[in-house]
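Visitor: I would like a close look at a single part of this model, the sheet and the loops that join its strands. Please take me through that part step by step.

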Amino acid sequence: MAKYDGVRGQELMDVEEKDNELILIFKDNRYLFIRVEDGRLVTESVPE
(Lines give C-alpha, C1' and ligand atoms only; values in the text may rest on other atoms or scores of the structure.)
Protein backbone atom coordinates (compact mmCIF):
# COMPACT_ATOMS: atom_id res chain seq x y z
CA MET A 1 0.00 0.00 0.00
CA ALA A 2 2.98 2.31 -0.53
CA LYS A 3 0.87 4.10 -3.13
CA TYR A 4 -1.03 5.81 -0.30
CA ASP A 5 1.92 6.64 1.98
CA GLY A 6 1.78 10.30 0.90
CA VAL A 7 -1.70 10.80 2.36
CA ARG A 8 -1.42 8.56 5.43
CA GLY A 9 -1.61 10.68 8.56
CA GLN A 10 -2.55 13.84 6.65
CA GLU A 11 -5.52 15.87 7.85
CA LEU A 12 -8.57 15.56 5.58
CA MET A 13 -9.89 19.05 4.83
CA ASP A 14 -12.75 18.44 2.38
CA VAL A 15 -14.64 15.77 0.44
CA GLU A 16 -16.30 16.55 -2.89
CA GLU A 17 -18.74 14.24 -4.63
CA LYS A 18 -19.20 14.26 -8.40
CA ASP A 19 -20.59 11.79 -10.95
CA ASN A 20 -19.30 8.38 -9.77
CA GLU A 21 -16.28 10.06 -8.17
CA LEU A 22 -15.16 11.18 -4.72
CA ILE A 23 -12.37 13.71 -4.31
CA LEU A 24 -10.57 13.77 -0.96
CA ILE A 25 -8.64 17.00 -0.34
CA PHE A 26 -5.91 16.92 2.28
CA LYS A 27 -4.32 19.75 4.25
CA ASP A 28 -0.98 19.49 2.42
CA ASN A 29 -2.81 20.22 -0.88
CA ARG A 30 -2.89 16.59 -2.05
CA TYR A 31 -5.93 15.23 -3.82
CA LEU A 32 -7.11 11.61 -3.93
CA PHE A 33 -9.63 10.79 -6.65
CA ILE A 34 -11.74 7.67 -6.14
CA ARG A 35 -14.10 6.48 -8.87
CA VAL A 36 -15.89 3.35 -10.06
CA GLU A 37 -14.84 1.88 -13.42
CA ASP A 38 -16.35 -1.43 -14.58
CA GLY A 39 -17.50 -2.19 -11.03
CA ARG A 40 -14.05 -1.68 -9.48
CA LEU A 41 -12.69 1.17 -7.36
CA VAL A 42 -9.94 3.11 -9.13
CA THR A 43 -7.76 5.71 -7.40
CA GLU A 44 -5.49 8.47 -8.59
CA SER A 45 -3.56 10.87 -6.41
CA VAL A 46 -2.23 14.34 -7.22
CA PRO A 47 0.63 15.07 -6.75
CA GLU A 48 2.02 11.52 -6.95
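**The sheet and its hairpins**

Guide: β1 and strand β2, residues 21–26, pair in the antiparallel sense over 6 bridges. Strands here are DSSP runs (E, at least two residues), as helices are (H or I, at least four), numbered from the N terminus; two strands pair if DSSP finds at least two bridges between them.

This is a predicted model, in which local features need pLDDT of at least 70 and side-chain atom pairs count only at pLDDT 80 or more, while totals for chains, interfaces and linings use all residues. Residues are numbered from 1 along each chain as its sequence is written, and side-chain values use heavy atoms, with hydrogens and water left out.

Next, β2 and β3 are joined in the antiparallel sense by 5 bridges, and isoleucine 25 has tyrosine 31 of β3 as its bridge partner. Between β3 (31–37) and β4 (40–46) there are 7 bridges, again with antiparallel strands. There, isoleucine 34 stands opposite threonine 43 in β4.

Put together, the 4 strands form an open sheet with the order β1-β2-β3-β4 and antiparallel pairing. β1 (12–18) and β4 stand at the edges with a single partner strand each, so one side of each has no neighbour in the sheet. On average, neighbouring strands of this sheet are turned by 20° against each other, direction ignored; the axes are lines fitted to C-alpha atoms, for helices over the stretch in contact, and angles run from 0 to 180 degrees between N-to-C directions.

Now the loops. Most residues other than glycine have a negative phi. The hairpin of β2 and β3 has 4 residues between the strands, and asparagine 29 takes a positive phi near 70° there. Asparagine 29 is exposed, at 52% relative accessibility; exposed means over 50% relative accessible area, buried under 20%, and partly exposed in between (1.4 Å probe, protein chains only).

The hairpin of β3 and β4 has 2 residues between the strands. Aspartate 38 lies in this loop and has a positive phi near 55°, although it is a residue other than glycine. Aspartate 38 is exposed at 83% relative accessibility. Glycine 39 is in the loop between β3 and β4 as well, and is exposed with a relative accessible area of 71%. The C-alpha atoms of glycine 39 and phenylalanine 26 are separated by 26 Å, with the two residues 13 apart along the chain.
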